[in-house]
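This report looks at a hairpin, a strand residue and a set of charged pairs. Please have the sequence and the model open while reading.

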Amino acid sequence: MQANIVILATGGTIAGRGDSGTRASYNAAALAVDALIEAVPQLAELAAISGEQVASVGSQDMSDAIWLTLAARVNTLLAEEGVDGVVITHGTDTIEETAYFLSLVVHSKKPVVLTAAMRPATALSADGPLNIYNAVAVAADPQAAGRGVLVVINDDIHGARGMTKSSTTDVQTFISPERGLIGTSLYGENRYFRYPYKRHTADSEFSVDGLQALPRVDVLYLHAGASPDLVDALVAAGARGIVLAGVGNGNMNRETQAAVARAVKAGVAVVRSTRVTRGFVGRNVETDDDTLGTVAAGELKPPQARVLLKLALLEKRDPASIQALFDQY
């Protein structure tokens, strides 16, 4: 008996259309979900397919509002006995944020698979159709259940946590630098290497049911001579949390550290992450987190650290409690 898979479309390059198949310029989110499904008739060999249009944006315009709508729809669908899995088409720019968000707020062991494309649908050698095919193959695969939210792209199966975009144009842009791939999917033939190693989905304590908004959390990129007044400005603008894309091991200059101390004293949660592609931000390494009142992001890079901090701030928590969440999730 075939699995029943629902494809939720949000736009992105995978639904993009250009004037030429050999030019880089195009309009994202130009095609609707029905067109994406019709372009891959082989999907019928894998599962019974239905589609819904949740949003039509380039993923640079992904928002908290769309996240909340998407999470609600995914949770509703997966609670139905007749739905075996969900595939979400998305833009590549922020897919790592949406995937991680869903991995924390979707409460089901059924497969949730995001996919995307680096080339628009009208491009010569467009990568979207095969990515959709492989994504459906994974979503329809009972072996994918319990592995959390997955991102299937360019024959690779990534776990939501820790995956990141590494190139602006390369089709092989996504990497999982610390823990590696969950598996691979080659023309719908799936191989799995591991399960996620942190809490997720059905084991997550976070819920966004009924929420209309999420707390404001901003990312501040640090560099030589970073201006401490930017921290003060974010506090004044109403940020509930700040994620530092720090240098090296999440480090910052002395002036910024003093501004961070003021922010923490004012009740703003501050997480130290890093602008470096690989590596772990350790607690009390170079920076005295215990004294400063900051949180170490561990392996989470700034965009995903921001997602977890937004959810952590749905309740009143001190830095130690927030650190415990970063250690678990």
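## Charged pairs and their surroundings

In this predicted model, Arg-216 counts as partly exposed at 36% relative accessibility. Its salt-bridge partner is Asp-218, with the closest N and O atoms 2.7 Å apart, and Asp-218 counts as buried because its relative accessibility is 18%, below the 20% limit for that class. Salt bridges that share partners also join Arg-199, Asp-203, Glu-205, Glu-315 and Arg-317 into one network.

| Salt bridge | N to O distance |
|---|---|
| Arg-216 and Asp-218 | 2.7 Å |
| Arg-191 and Glu-189 | 3.1 Å |
| Arg-199 and Asp-203 | 3.4 Å |

E10 pairs with strand E9 (residues 183–186) in the antiparallel sense over four bridges, and Tyr-192 is the bridge partner of Gly-183. Two residues lie between the strands of this hairpin, in which Tyr-187 takes a positive phi near 50°.

Thr-115, in strand E4 (residues 112–115), is buried with a relative accessible area of 0%. A polar atom of the Thr-115 side chain lies 2.7 Å from the backbone oxygen of Val-152, and the residues that Thr-115 touches include Ile-14, Val-87, Asn-131 and Val-152.

Conventions. Residues are numbered from 1 along each chain as its sequence is written. This is a predicted model: local features need pLDDT of at least 70, side-chain atom pairs count only at pLDDT 80 or more; totals for chains, interfaces and linings use all residues. Side-chain values use heavy atoms; hydrogens and water are left out. Two strands pair if DSSP finds at least two bridges between them. Buried means under 20% relative accessible area, exposed over 50%, partly exposed in between (1.4 Å probe, protein chains only). A polar contact is a pair of N or O atoms within 3.5 Å; within protein, one must be able to donate a hydrogen and the other to accept it, and residues adjacent in sequence count only if both atoms are side-chain atoms. Contact means heavy atoms within 4.5 Å. A salt bridge is a side-chain nitrogen of Lys or Arg within 4 Å of a carboxyl oxygen of Asp or Glu. Lists of a residue's contacts leave out its neighbours within four places in sequence.
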